Amino acid sequence: MLLPFREHLDFGPTPYDQLQAKEGIPVVKGNVVSDVLTVPLGRWKRMGAWGCFLNLSNQQQTDAYVCEITPGSETLPQRHLFEEIIYIAKGRGATSVWQDDGAKVNFEWAAGAIFAIPLNSSYQHFNGSRDEAVRLFAGTTLPRMINIFHNEDFIFRNPFNFRDRFHAGDDFLRYNKHVTERYWETNLVPDVNRFTLDDFPMKGQGVRHMRYTLADTTYGCHVSEFPPGCRSTFHRHGPGAVIIITQGEGYVVLWKDGEERTRHEFKAGTIYSPDDLMWHGHFNTGKGTMRHFAVRGDSPKYSHDRFRNPLWTMIPLKEEPPEIHREYLETLKRNGVETAASIVDD
């Protein structure tokens with residue numbers, strides 16, 4: 001049997017693999033992390049904190065990491081030439097952001113907040129509590145950037161200031177713009193579970209959704225909401241989507257064409273990431289609203305959807321294997337959750 005060309009060669013570690021080894025913190029792989037608050041961490045010298053890499057879904061386009069800041073402490077100042085979007089999973093504190101010759105922009109945050117670091121700006125995080133640790137989850141484009149340039153000085157010690165991406169002074173928090181349906185531009189969302197979303201029926205009956213461009217980043221992210229008794233259609237896309245449950249409970253179903261489906265239960269704090277072109281669907285099985293925050297792809301402001309792979313698509317509910325929805329209805333019944341009428345009618 002002929003093997004795929006890549007399997008004949010040993011390419012060795014990538015520049016990203018080598019960087020992770022130098023960083024010396026745990027590297028978590030696979031598709032699912034059960035709880036962001038309990039995933040094991042190691043001492044992270046560069047950050048001056050604790051952390052681990054989430055190098056999920058067998059890809060090196062994007063990654064994520066978890067960082068813990070102990071009570072009353074702060075990270076070391078950071079600067080890097082890759083995009084970074086942050087979700088605060090636990091705790092409260094503040095972040096300072098600045099460029100070389102300018103004043104610092106300071107803003108506070110608490111659990112549920114999302115924000116981005118303007119590209120190649122300096123920043124530092126502070127834990128605002130003397131009793132509770134901060135845990136943050138961040139998605140980044142580090143793998144793609146370090147694998148392209150394979151030069152750590154260029155990535156971490158580059159002096160160029162992207163002045164067009166940095167809002168100085170009060171303008172940082174003042175910038176807040178609902179551009180169009182399901183699309184918002186801002187620098188800080190104080191609480192993803194309280195942010196008003198727009199209807200998105202294409203993703204599923206009752207689903208609500210908002211895409212963001214944060215800090216003028218090219219890196220995409222969105223928040224989706226699923227009311228009780230609601231679920232998404234199955235969909236697939238390119239690699240690099242990393243999703244964290246911010247509220248509620250349920251499960252995700254993952255599968256690739258020709259392979260068995262797998263079901264993974266989730267709760268607030270669960271993280272999962274589908275492989276390239278892996279079908280996935282999100283199911284709310286609780287009596288309350290379920291929301292998730294996802295980092296993936298391009299930001300709406302800089303997306304190039306006209307170049308999208310035609311295999312990135314959705315399966316209409318009526319065309320999916322019928323046992324999937326039947327199992328969902330049975331789960332809702334066991335949990336005492338009323339099925340959304342719109343799903344039953346379909």
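# Close-up views of a predicted protein model

**View 1. The largest nonpolar core and its neighbour.** The largest nonpolar core comprises 35 residues, and those with the most contacts inside it are Tyr-65, Cys-67, Phe-115, Leu-136 and Leu-142. A nonpolar core is here a set of buried Ala, Val, Leu, Ile, Met, Phe, Trp, Tyr and Cys residues joined through side-chain atoms within 4.5 Å. Buried denotes under 20% relative accessible area, exposed over 50%, and partly exposed the range in between, with a 1.4 Å probe and protein chains only. A second, separate core has 33 residues, including Leu-56, Ala-64, Ala-89 and Val-242.

The model is predicted: local features need pLDDT of at least 70, side-chain atom pairs count only at pLDDT 80 or more, and totals for chains, interfaces and linings use all residues. Residues are numbered from 1 along each chain as its sequence is written, and side-chain values use heavy atoms, with hydrogens and water left out.

**View 2. The whole chain, for orientation.** The protein contains six helices and 25 strands; these are DSSP runs numbered from the N terminus, helices being H or I of at least four residues and strands E of at least two. The C-alpha trace spans about 60 × 55 × 40 Å along its principal axes. The radius of gyration is 20 Å, which agrees with the value near 20 Å that a compact globule of 346 residues would have; the radius is taken over C-alpha atoms, and the globule rule is 2.2 Å times the number of residues to the power 0.38. Of the 346 residues, 53% count as buried. Among contacts with a separation of 6 or more, 73% are between residues 24 or more positions apart.

**View 3. Helix α2 and its cover.** The buried residues of α2 are Leu-142, Pro-143, Met-145 and Ile-146. The elements covering them include α1 (15-23), β4, β5 (63-69), β11 (134-140) and α3. After α2 comes His-150, in the loop between α2 (142-149) and α3 (152-156). His-150 has a positive phi of about 35° although it is not a glycine. Is His-150 buried or exposed? With 58% relative accessibility, His-150 counts as exposed.

**View 4. Tyr-212 in strand β16.** Tyr-212 belongs to strand β16 (residues 208-214). Its relative accessibility is 0%, so Tyr-212 counts as buried. Apart from residues up to four places away in sequence, Tyr-212 touches Ile-114, Tyr-183, Trp-184, Val-189, Phe-195, Leu-197, Cys-221, His-222, Val-223, Ser-299 and Pro-300. Thr-186 is 26 residues from Tyr-212 in sequence, and the two are 7.4 Å apart in space, C-alpha to C-alpha.

**View 5. Thr-233, a loop residue.** Thr-233 occupies the loop between β17 (219-226) and β18 (234-235). Its relative accessible area is 10%, and Thr-233 is therefore buried. Beyond its neighbours within four places in sequence, Thr-233 is in contact with Met-202, Lys-203, Gly-204, His-280, Gly-281, Met-314 and Ile-315.

**View 6. Arg-46 between β3 and β4.** Arg-46 lies in the loop joining β3 (42-44) and β4 (49-54). With a relative accessible area of 24%, Arg-46 is partly exposed. Which residues does Arg-46 touch, not counting residues up to four places away in sequence? They are Glu-23, Leu-76, Gln-78 and Phe-156. The C-alpha atoms of Arg-46 and Pro-77 are separated by 9.1 Å, although these residues are 31 residues apart along the chain.

**View 7. Two further loops.** Lys-318 is located in the loop between β25 (314-315) and α5 (322-335). Lys-318 counts as exposed, because its relative accessibility is 71%. Between Lys-318 and Pro-143 there are 38 Å from C-alpha to C-alpha, with the two 175 residues apart in sequence. Leu-277 is in the loop between β22 (271-272) and β23 (279-284). The phi of Leu-277 is near 55°, a positive value in a residue other than glycine.

Conventions: Contact = heavy atoms within 4.5 Å.
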